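Hi everyone, thanks for having me. Let's get the picture up on the screen and walk through it together.

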Amino acid sequence: MAATHIVSVKIGTNLNRNTITATSDKTIRQLLEENEINYATTTVYLDGDTIKAGDMDKTLNDFNIADTCYIIASQKTENA
């Protein structure tokens with residue numbers, strides 16, 4: 001098991017992003033919920049890769065995140 005360390009996380013949505021610090025033992029779901037980001041109707045990305053529903057409870061350690069990462073919940077919009 002990997003040791004817990006501090007990670008700089010840019011987290012948010014298409015329109016609003018914040019930078020937070022988190023411990024690497026936090027799950028994607030915990031980080032989204034703690035930052036009040038509704039992920040139920042969005043596609044969630046970790047460093048540009050799509051997070052599947054079964055991966056929401058994996059930790060940053062599980063994804064081998066060392067120092068920094070992006071977690072973005074992107075709402076798909078219809079073309080006007």
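Before we count anything: helices here are DSSP runs of H or I with at least four residues, strands are DSSP runs of E with at least two, and both are numbered from the N terminus.

Quick housekeeping. This is a predicted model, where local features need pLDDT of at least 70, side-chain atom pairs count only at pLDDT 80 or more, and totals for chains, interfaces and linings use all residues. Residues are numbered from 1 along each chain as its sequence is written, and side-chain values use heavy atoms, with hydrogens and water left out.

Okay, so which strands pair with β1? Two strands pair if DSSP finds at least two bridges between them. Strand β1, residues 6–13, pairs with β2, residues 17–23, in the antiparallel sense over seven bridges. A hairpin of three residues links β1 to β2, and I11 sits opposite N18 in β2. β1 also pairs with β5, residues 68–74, this time in the parallel sense over six bridges. There, S8 stands opposite T68.

Now the whole chain. How much of it is buried? Of the 80 residues, 34% are buried, meaning under 20% relative accessible area with a 1.4 Å probe, counting protein chains only. And for contacts, meaning heavy atoms within 4.5 Å, take those with a separation of 6 or more: 61% are between residues 24 or more positions apart.

Technical notes
Buried < 20%, exposed > 50% of the residue type's maximum accessible area, 1.4 Å probe, protein only.
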